[in-house]
Amino acid sequence: MKRNSSAKRLAAAALALVLLLTLTACGQSAHAQDAAGKDGPSDTLKGIYEALIAPESDYSRNKAMTAEYFPELEYGETLGTDRITLSIKANGNEYFTDGSWDFVQDGDWLTATFPDDDYAGLVNVIQVARAVGTQLGMEPDLVSGYLNGLGMLGVESDDFTMTEEEAAGTTTCRLHIAGPWEMKELDQMVLDEAVLDGEALDDSYLSQGGSVGKLRYMLNGNVSGYTALIAEFGGLDDIAYQSIVNLITLRKPVGYEAFLADFTELKALETDDYTVDLDPDDETIGGIMGERDDKYSYVLLRFGSGEYGEEEHAVNVPDAEVFADAYFRTVAAIPQATAGASLIAAATACNVLGFAAGNELWLADVDTLRANMLEAWESLTDEERANFDANFPALNELLNSSLADWEANRSSFDDAGVADTMEELMEDGTSQWSWDTLSAHTWTLGNSEG
């Protein structure tokens, strides 16, 4: 099961999708000309390390953001003779555990092996992959999109592999570091049924977003009013055109038949039923996908009312009573160290994900969301708050692990009888965005500056 996971959330989408690659290793590598020797790390390894710890890197920004909330966490980065080691010390923080991850140079490859359920290890892989891209002169956004596309389209690569060792319970990721990746598959990576899943639109609201190859996309609406914003790295070309044709053929919004007959090439269109804008303004882009990125070119499609899913799509934030009963008390009620506790935990995780996704919390007004959550929290008894605090970290880990690698976690939900429901929830990548929103504001509950 592949997950799309914002413009701010697109980074999360790239992360979630690349973590699910299950490609087998491709052949034997040659020895890198500057392979690590006894006297110290190779120039390539040094460059990757410097790109990783640079102030503007994903790794450094994520570390700084986490430190705002948990200043006691101690991150470490070490450049060794043949490896980069990343580490974290929790220093008493109840939500994090100590850990260490090695990215070892083996000839032309950088290799990391970690337990299948190690979500932090998977996070580090994508951060290191983007650093590899920077060091080798590749665009990090294309590296992320490329890895996403490999996973979603089931394509094998000469430059990245991810192999699961079922018996050992480990995953090994290998990144080619001898030179820039050819990424010849980028031109095959278009929006199609393999990427988008699902069927034709109906009266229900559907929101999807993510990145694949050179593309970023945000798709909102229903059969009567549908908006699609697609951004392509560099200039718009046949990748964008074919993606639009595939999207509209699959989703079938109002007026789609006339559109497909009219849209014979990538061109601007304006009719009563649909429009194609090859140069949307910054305000429009910002309202749908976040701030314009000048490395991308944008195309905006509207069908029917064409407004569903933007500012006009009002999100009703659950009130304090609903948060208290449907979220806090539900999690607090998970039993500990009793028979059947794991089944109840899995069922509760499914219910919580459904609560977040059903209320589209990723679209919620942040001030209202935080105020209602805090009011709900303060309405709980001391015992309920204590039970929630005891249960939430494990539930958070279960959901994050499941969204990162569904197949590795499916059995827990099968046993609880909710696997089909979980799978349906995860078919729309915005479920993860909603959960990420709920989880983030739970960790910072009561911090008005967070």
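Asp 272 is found in the loop between strand S10 (269-270) and strand S11 (274-277), where helices (H or I, at least four residues) and strands (E, at least two) are DSSP runs numbered from the N terminus. The model is a predicted one, in which local features need pLDDT of at least 70 and side-chain atom pairs count only at pLDDT 80 or more, whereas totals for chains, interfaces and linings use all residues. Residues are numbered from 1 along each chain as its sequence is written, and side-chain values use heavy atoms, with hydrogens and water left out.

With a relative accessibility of 79%, Asp 272 counts as exposed, given that buried means under 20% relative accessible area, exposed over 50%, and partly exposed in between (1.4 Å probe, protein chains only). Together with Glu 270, Asp 273, Asp 277, Asp 279, Asp 281 and Glu 283, Asp 272 forms a negative surface patch. Such a patch is made of residues with over 30% relative accessible area and no salt bridge, like charges being joined within 9 Å; a salt bridge is a side-chain nitrogen of Lys or Arg within 4 Å of a carboxyl oxygen of Asp or Glu. Asp and Glu count as negative, and the place of the charge is taken as CG of Asp or CD of Glu.

Over the whole chain, 16 helices and 12 strands are assigned, and buried residues make up 52% of the 450 residues. The chain exposes about 19700 Å², of which carbon and sulfur atoms supply 46%, the areas coming from the Shrake-Rupley method with a 1.4 Å probe.

Leu 153 lies in helix H5 (residues 140-153) and, at 23% relative accessibility, counts as partly exposed. When its neighbours within four places in sequence are left aside, Leu 153 is in contact (heavy atoms within 4.5 Å) with Gln 188, Met 189, Asp 192, Ala 194 and Val 195. For Gln 188, which is 35 residues apart from Leu 153 along the chain, the C-alpha separation from Leu 153 is 9.1 Å.

Two backbone positions were also examined for phi. Met 183, in the loop between strand S6 (170-176) and helix H6 (193-196), has a phi near 50°, a positive value in a residue other than glycine. Most residues other than glycine have a negative phi. Met 183 counts as buried because its relative accessibility is 9%. Glu 360, found in the loop between helix H11 (341-358) and helix H12 (366-378), has a positive phi of about 50° although it is not a glycine, and Glu 360 counts as buried at 17% relative accessibility.

Notes:
Patches are made of residues with over 30% relative accessible area and no salt bridge: like charges are joined within 9 Å, nonpolar side chains (Val, Leu, Ile, Met, Phe, Trp, Tyr) within 5 Å.
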